[in-house]
Amino acid sequence: MKTKKLINSGANVVDEMLQGVLAAHPDHLYAAEDMPRAIIAKNGPRKGKVGLVIGGGSGHEPTFLGFVGKGLADAAAIGNVFASPPPDPIIACAKAVDGGAGVLFMYGNYAGDVMNFDMAAEMLALDDIEVRTVLTTDDVASAPSDQMHKRRGVAGNVFIFKAAGAACDLLYSLDDVERAARHANSRTYTMGVALSPCSLPQTLRPNFLIGEGEMEIGMGIHGEPGVARGPLKTADEVTDELMDSILREMNASPGDRIAVLVNSLGSTPMMELYIMMRRVKSRLDATGLVIHTALVGNYCTSLEMAGASITVMHLDGELQRLIDHPCDCAMFTR
């Protein structure tokens, strides 16, 4: 059975979405000239500041374009649904935000993104624009702890991009922005659960199958296989399972401060997310960890997939300052 979507044509969804985003947020965003997939912050880039370029496939909104604005990302290169942007919009983003202090590329650890962003960096070097790259690798389920470099980047992007964007806005040097971004990534952990699939606009058919009454722990935001499939459990049981995996990864002590995100994968409503948040708070209280920042809602989605993820960033003094630094983006303000 085909799914129902409010679209005109599967082939045009990304470009029509971007036209709507620019119509809704003219004070925050514009598209690079002759490059509609390169979305630039109106108030972010400036001379002497490291430019932060993020990007990836569509279908995860508000990631990536929603986090473009002053104090966070300066630009986002936008790909097709669940597909990497090609080099051209990435290059356009970098040139638009280059203030002479270098450019940092940040995106999730996926092969297509790595290939295209690396190609863009090589081409930009020919124009004497220095580019550094930091991959996000917060998905605990996607590889064991001794192979963190193989992990995927998922909802933890929100906190990792936030820290890096603040470092840029505070006029850190390129070396220090890169260091802060890697530090933020190394202390960010995400686990998710999927309850039902999403469907691509081009096919209107589920991109994977999951049985009635089943759930899958650790499934990726494109439908990548998780680590365990079984009967659907209660909200508290699912939250405990996700938090157990996260807390095992953290070298945290009572009194440490954290940032936490309870994120919908697309169709899971706020009611259910807040039920999960209630349990997250209980678990953290029991371990003596202090919630400094809490976000609940749609931050990194997978079209209309049902399910949720929990992200925890283990703060220290620097990360707390960067997370607290103000930002003003199209879909996120602090």
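**Note on pockets and salt bridges**

1. Helix α1 (residues 13–24) contributes most to the lining of the largest pocket, with 4 residues. Helices here are DSSP runs of H or I with at least four residues, strands are runs of E with at least two, and both are numbered from the N terminus. A pocket is an open set of points on a 1 Å grid over the protein atoms alone, with protein on both sides within 12 Å along at least five of seven lines; lining residues have an atom within 4 Å of a point.

2. The model is predicted: local features need pLDDT of at least 70, side-chain atom pairs count only at pLDDT 80 or more, and totals for chains, interfaces and linings use all residues. Residues are numbered from 1 along each chain as its sequence is written, and side-chain values use heavy atoms, with hydrogens and water left out.

3. The largest pocket holds about 310 Å³ of space. Volume here is the space filled by probe spheres set on the points, with grid points joined across faces, edges and corners. Its lining has 13 residues, and I7, V13, M17, P201 and L303 lie nearest the centre. By class, this lining has 8 nonpolar, 2 polar and 3 charged residues. Nonpolar covers Ala, Val, Leu, Ile, Met, Phe, Trp, Tyr, Cys and Pro; charged covers Asp, Glu, Lys and Arg; the others, Gly among them, are polar.

4. The second largest pocket has a volume of about 190 Å³. It is lined by 14 residues, with L195, A235, V238, E272 and M276 nearest its centre. Elements giving two or more residues to this lining are β8 (188–196), α6, α7 and β13 (306–314). The class count for the second largest pocket is 8 nonpolar, 4 polar and 2 charged.

5. R279 pairs with D240, the closest N and O atoms being 2.8 Å apart. R279 is in helix α7 (residues 270–287) and D240 in helix α6 (residues 235–249), so this bridge ties together parts 39 residues apart in sequence. D240 is buried at 16% relative accessible area, while R279 is partly exposed at 23%. Buried means under 20% relative accessible area, exposed over 50%, and partly exposed in between, using a 1.4 Å probe and protein chains only.

6. A second bridge joins R283 and D244, again with the closest N and O atoms 2.8 Å apart. R283 lies in helix α7 and D244 in helix α6, so this pair too ties together parts 39 residues apart in sequence. Here R283 is buried, at 17% relative accessibility, and D244 is partly exposed, at 31%.

7. Across the whole structure, the search finds 22 salt bridges. One of them is E216 with R229, whose closest N and O atoms are 2.6 Å apart. E216 sits in strand β9 (residues 214–217) and R229 in strand β10 (residues 228–231), 13 residues apart. E216 is buried at 7% relative accessible area; R229 is partly exposed at 41%.

8. Shared partners join E130, R132, D175, E178 and R182 into one salt-bridge network.

9. Which residues does D169 contact, leaving aside its neighbours within four places in sequence? They are R46, K49, K70, G71 and H325, where contact means heavy atoms within 4.5 Å. D169 lies in helix α4 (residues 157–169) and is buried, at 9% relative accessibility.

Key: Salt bridge = Lys/Arg side-chain N within 4 Å of Asp/Glu carboxyl O. 1 Å grid on protein atoms, 1.4 Å probe; cavity = no way out; pocket = protein on both sides within 12 Å on 5 of 7 lines; lining within 4 Å.
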